[in-house]
Each structure stands twice: as C-alpha cells, then as structure tokens.
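I opened my notebook today to look up a few things, one at a time. Have the sequence and the picture beside you as you read along.

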Amino acid sequence: MKVGRAAAQFQSFSEYGLKGDHNNSQLSAILGNRFDSGAWLRLALNRQDSTSQPQRYLGINASATRVFAPPTGTPFTGVIYDVEPNGLRRAILGANAGAIDHTIQHTVKLRGGY
C-alpha cells in the first residue's frame, strides 16, 4: 500500500501598511505492507510548514501629538492612525516582534502487528 497527499494554502495579506504572502504546505505519505506470515507494517510520514499573518501590532494612544514629533519637529513616517474599539485615536507603528509565526512540524509514525 502506498498513499501520498500534498496540500497548499496561499494568503495575501495587507493591513496597516504591512503586505505579504503567507503560504502553508503539507506533505504526507503512508507506506505499508502485509507479509505472507500475517505480519504487517505501516509507516506514516507528515511534514507541515506554516506561516501566519501578523497577529499583534504595536499601537500607542495618539491623543497626545507630542508623542509623534521629536524635538526637531520632523514628523515620523510609516505611522498608520486608526480608532481603538473604545473610540480613542491610536497610532499603529508596525507588527510586534514575533507577531508572524513560522512553524515546521515533522511527524513519523510506525505501526506493526501480527
């Protein structure tokens, strides 16, 4: 017995000035055999590789304009403004460190019987 499977997901993401493609893939295979003696073996292999979109953003209260202008008066660039759920204005400075998760998982399973 031989069985294989491949799956892929593609996601384009754009929010708060961050853009990117976040792709996921999964490959799996099952190999097995039943012997004349009645014994059998089955090997299952799986590999998953996933990347998420940003999950957290660094945002600060934007009600005080002094937070956004250094003493020289030069404005910051790359700041996106929006409104918090409670109605206050906030500035989104970007995704927090670790906000995009990348995981790789390998699974091997061997079964046998008689």
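Predicted model: local features only at pLDDT ≥ 70, side-chain atom pairs only at ≥ 80, totals over all residues.

Over how many bridges do strand 2 and strand 3 pair, and in which sense? I looked this up and found 11 bridges between strand 2 and strand 3 (residues 40–51), in the antiparallel sense.

Then I turned to strand 1 (residues 2–15), which is joined to strand 2 (residues 18–34) by 14 bridges. These two strands run antiparallel as well. Here I noted that Phe10 stands opposite Asn23 in strand 2.

Next I checked the turn of this hairpin. Two residues lie between strand 1 and strand 2, and Tyr16 takes a positive phi near 55° there.

I wrote down the strand order as 1-2-3-7, an open sheet of four strands with antiparallel pairing. Strand 1 and strand 7 (102–113) are at the edges, and each has a single partner strand, so one side of each has no neighbour in the sheet. From one strand to the next, the twist averages 5°. A reminder for myself: side chains in a regular strand alternate between the two faces of the sheet.

**Entry: Ser50**

Is Ser50 buried or exposed? I found that Ser50 belongs to strand 3, and that it is buried, with a relative accessible area of 15%. The side chain of Ser50 makes a polar contact of 3.3 Å with the side chain of Gln48. Leaving aside residues up to four places away in sequence, I listed what Ser50 touches: Asn23, Asn24, Asp101, His102 and Thr103. Asn23 was already in my notes, as the residue that Phe10 stands opposite.

**Entry: salt bridges**

How many salt bridges does the structure hold? I counted two. My reminder here is that side chains of opposite charge can pair when their charged atoms come close.

Arg47 is partly exposed, at a relative accessible area of 30%, whereas Asp49 counts as buried at 18%.

In the other, the side chains of Asp82 and Arg90 meet, at 2.6 Å from N to O. I looked up Asp82 too: its relative accessibility is 18%, so it counts as buried, the cut-off being under 20%.

Methods. Residues numbered from 1 in each chain as written. Heavy atoms only, no water. Pairing = 2+ DSSP bridges. Salt bridge = Lys/Arg side-chain N within 4 Å of Asp/Glu carboxyl O. Buried < 20%, exposed > 50% of the residue type's maximum accessible area, 1.4 Å probe, protein only. Axes fitted to C-alpha atoms, helices over the stretch in contact; angles between N-to-C directions. Polar contact = N/O pair within 3.5 Å; in protein donor to acceptor, adjacent residues only side chain to side chain. Contact = heavy atoms within 4.5 Å.
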